[in-house]
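Please report on the structure shown below. Cover the overall build first, then the aromatic rings.

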Amino acid sequence: MLEYYRIQSVDDPYFAKMHKLMGEVFPAEEVLAFDLWREPLQDPTIQVYVALLDGEVVGATEYRYRPEFRVAMIDFTIIGRPGLGIGRFLLTEREKDLARLQRESGTESLGTFAEIYNPQELEGANLSFGGIQPMHPVVRREVLSHIGFRKLDVDYVHPSWDHEGKAVRGLDLGFRPADDSVSSIPSSLVVGFLRWYYSALPNKPQEWTDMIASLEQRQDIALLPL
């Protein structure tokens, strides 16, 4: 039976297993170095959970709820093995926990952000994702579409998590509105959230700065199908 287990320290032996799995699945520029996780894991607002099966990490997810923006962010989801229902398990447990965080904050969520790989923009070498079929960008994109995510009408770029300040492309910024009838969200929400989210990275590429400046000139951003 799968167990939903929270990691709050790099000294937790399950963290090393999770970090190894991340390195096998994600491109290097998307993975924060081992030692740089120490401070984030001590932040009570950052939720890092793994799916355990017989003492092994077979899946993981990181997310947070920010009451000042009234939005959640799914940082990543990893399915380490196919055919075990790990994706459904992580989704169900995460949704329950996000509902708890929302209640405790006394706010009502507007929706959830997530960065979503665009297979058409990725190079072939970056499509392997550890050879795990459920992690293939085409599969993941379709799953996210099924659960209600759409993409923002933005030429999206973000700073690399390796702290080298590179511009990372090949992703869309997705959003799942709490109200499915919503067709756009305020640009000010997106700008405010992205400025906060990437405040942890001091080195930002000019492309990211230009994107933010462009967003500041807009009033609303359309939500498009994935």
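The report below goes from the whole chain to its aromatic pairs.

**Overall build**

This is a predicted model. The chain has six helices and 11 strands. Its radius of gyration is 17 Å, which agrees with the value near 17 Å for a compact globule of 226 residues. Along the principal axes, the C-alpha trace spans about 50 × 40 × 35 Å.

Of the 226 residues, 49% count as buried. Take the contacts between residues at least 6 apart in sequence: 70% of them join residues at least 24 apart. The accessible surface comes to about 11,000 Å², and carbon and sulfur atoms account for 49% of that area.

The chain carries 23 positive and 34 negative charges. Their mean positions lie 3 Å apart.

**Aromatic pairs**

The whole structure holds 19 aromatic pairs. One of them joins Phe69 and Phe193; the ring planes stand at 80 degrees, so the pair is edge-to-face. This pair links distant parts of the chain, 124 residues apart. Phe69 sits in the loop between strand S3 (56–66) and strand S4 (71–79), while Phe193 belongs to helix H5 (residues 187–197). Tyr197 and Tyr198 form an edge-to-face pair too.

| Pair | Centre to centre | Angle between planes |
|---|---|---|
| Phe69 and Phe193 | 5.9 Å | 80 degrees |
| Tyr197 and Tyr198 | 5.0 Å | 85 degrees |

How buried are these rings' residues? Relative accessibility is 18% for Phe69, so Phe69 counts as buried under the 20% cut-off. Phe193 is buried at 1%. Tyr197 is buried at 7%, and Tyr198 at 0%.

Ring pairs also build a cluster, whose members include Phe69, Phe193, Tyr197, Tyr198, Trp161 and Trp208.

Notes:
Residues are numbered from 1 along each chain as its sequence is written. This is a predicted model: local features need pLDDT of at least 70, side-chain atom pairs count only at pLDDT 80 or more; totals for chains, interfaces and linings use all residues. Side-chain values use heavy atoms; hydrogens and water are left out. Helices (H or I, at least four residues) and strands (E, at least two) are DSSP runs, numbered from the N terminus. The radius of gyration is taken over C-alpha atoms; the globule rule is 2.2 Å times the number of residues to the power 0.38. Buried means under 20% relative accessible area, exposed over 50%, partly exposed in between (1.4 Å probe, protein chains only). Contact means heavy atoms within 4.5 Å. Accessible areas come from the Shrake-Rupley method with a 1.4 Å probe; for residues, only the protein chains shown count as cover. Lys and Arg count as positive and Asp and Glu as negative; His and the chain ends are not counted. The place of a charge is taken as NZ of Lys, CZ of Arg, CG of Asp or CD of Glu. Rings of Phe, Tyr and Trp (its six-membered ring) pair if their centres lie within 6.5 Å; planes under 30 degrees apart count as stacked, over 60 as edge-to-face and the rest as tilted.
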